[in-house]
Every structure is written in C-alpha cells, then in structure tokens.
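Dear colleague,

Please find the structure below, handed over for your study. A short account of the findings follows it.

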Amino acid sequence: MLGVIILSSKEIERCEKELEDAENTARIGNFGKAAKKYFNAAELCKKVGWDNEAIEALFLAYLYPCNQDAKEGRDLFETESLRYFVQHSYKLPQMKVMAYMPGGLYGEFDTKRLLTEARGILYMELSRKAKTIEHSVKLLEKASDHFLEIGDSDLVFSRYVSCLKRRTTGNYAALECEGHINYIKGSVYIEIDPSKAIGYIMASARAYRAAKLRDVWKGMNKRIEALRATRKCWMCGREAQSTENFEIVKADVGSYFENRLREMKEDMRVIEGKSNIILCKPCYTAIYYEAEKIAKTWYEMAMQVIQALEARVRRLETRR
Ligand SMILES: [Zn+2]
C-alpha cells in the first residue's frame, strides 16, 4: 500500500514537472516543442487522475502547432495546422485555458471561442476553392455565422490565413463574408444583365465599407461605374450597358460627320477626341473576325509567293 502511494507521489512530481516544462517552452515561443511536451504531460496527468489538467494539456497540444506556424509566417490553412486543431480538439469538453498565443498574447481563452473562430476561418478558406457558386455562398454563410458568434472580440488567427490576412474582429470578418457573398451572386449577372449585377455589387460594396476594407470598397465602386456606363453603337445604333459590352475604337470621324450629327441633334458617339467611336460587342467582334480572315488570306498569299521565290532561287543555285 505504502509502495503505491510513494509511486503515485513520484508520478505526481513527474507530471507537475512536465506541465511546468511544457509551459516554459511555450512561454519562450517554442510552440512546436511545447505541443509535444503537452502530449506527454496529458498522459502523465491521466495516470495520476488529474482529468481536467489532462484535457487542458491535450487542448494545448492540438492548438500550439497553429501558433508555431503563425510564428514562422506560414499560412495556417496551407499547413493544415488549423484543420488539425479543429478535428482533434472539438471532442474535448469546453473549458477555459491559459495559453500563449501568436503575437506575444497571453491570457485565458475559452476553448469554444477559439474553435468557433478556427471553424469560421476554415469555412471561409474552403469557399475560395468551392467548385460551384452555390457551394461557395453556402460556405461563406456558415463562416459568417461563426464569426458573428465571436462578435466584437478580436480574432486570434485572422492575420495568419490568406482569406483574411489582417487584424480584425468577428463582426468585421462576418461583414467581409457578406461582401464576398453579394459579389459572387452579382458576378453571375455581369455579362447577361448588368443592371441586376449592380444591385448585388452595391450591396457587396456597402458590406466591404462596413468591414473597413476601404480599397476593396473603392474597387467595387469602380466596378459599379463601369457596369452603369451606357453607350450607343456607331454602327447599329443600339444602346449597350456596361463597359464589357462595348469597345472604343479608332475611326476618322472628321468635321463633316461631326457637323451632321450636330445638325441632327444626335448623340455625337465620339468620345476622347475626334477619332474614337463606340462599337457594341457584336458589331466590334464582327469587324474583328472579318479583319482576321482577310489578314489570314493575305498572309497565305504572301507565303505562297515567298515559297515560289525560294524554289526559284534554289533552282538557279543548282544550275550554277
Ligand atoms: Zn452595334
């Protein structure tokens, strides 16, 4: 009986030492090594019946590979450390843990809160690789729900994943997802119905602005401007909306046509000086393909002449 007690007190000592060692290793930022030590510590804790400490140690063992990657500037999604953390630690009961985090952060963290963030990030990253628009939108909606749960608090991992790549909060990350969702939905209509696309892209611009992504917001405004632009085609007279549906091409308009258009009070259809006109996409491409065909015919004719000349030169040379 006495022997058992002595053994277990020795075990306890070993366990305490391993936990302390693991913590010291994490404190100096050697997270990869600390993770391994926490695995050992968790085993020792289980042996002496310290269940809570065992769970905490195990949680840190799963978490710290993320911190190691973050410290070394690696993307937590690419290295899969974030996925590894979620896959293993979600089975553990919810608790508060004291942890060292990337960027010199130390404090008490709620395990559920860390997992919620990691899940949100995984959904957001996966949406970038989704094969269909519907799937991408669904994943972004899930990501947004997770970020909203975190609310105004700062995200811990956002700087170390390429989908966010900045210091941000749960709410701002959710707004960023909303911006992406609306942009994706709008992009479906950019070619077929620019007016409909504008509605979605305006919603995405608003979300990006609210998410404090000024540059993206500005880019969206430019996109909206381009989609709003309408011009009349010089050739067919049809009106075309969105810069994707017309081309500005060089043409000699001259004063005669300028005057005539002025007399008829017609749209000048000339922009950026006298020598540019607007062509709608069908008119432009019709000319383009015809010109290509003509150029090809001329090229083939020229090649035939050159080949004939070459043959003649060769014949002359052999005669010499
Ligand atoms: Zn036209």
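The model is predicted: local features need pLDDT of at least 70, side-chain atom pairs count only at pLDDT 80 or more, and totals for chains, interfaces and linings use all residues. Residues are numbered from 1 along each chain as its sequence is written.

The protein chain has 11 helices and 6 strands; these are DSSP runs numbered from the N terminus, with helices (H or I) of at least four residues and strands (E) of at least two. Its C-alpha atoms fill a box of roughly 110 × 75 × 30 Å along the principal axes. The radius of gyration of the protein chain is 33 Å, whereas a compact globule of 320 residues would have one near 20 Å. This radius is taken over C-alpha atoms, and the globule rule is 2.2 Å times the number of residues to the power 0.38.

Of the 320 residues, 33% count as buried. A residue is buried if 20 or more other C-beta atoms, placed from the backbone, lie within 10 Å of its own.

In helix α4 (residues 81-89), the buried residues are S81, L82 and F85. They cover an arc of only 105° around the axis, which puts them on the same side of α4; the arc is that of the directions from the helix axis to the C-beta atoms.

Helix α11 (residues 281-319) is hardly covered, with a count of 1 buried residue among its 39.

Yours sincerely

Key
Buried ≥ 20, exposed ≤ 12 C-beta atoms within 10 Å, placed from the backbone.
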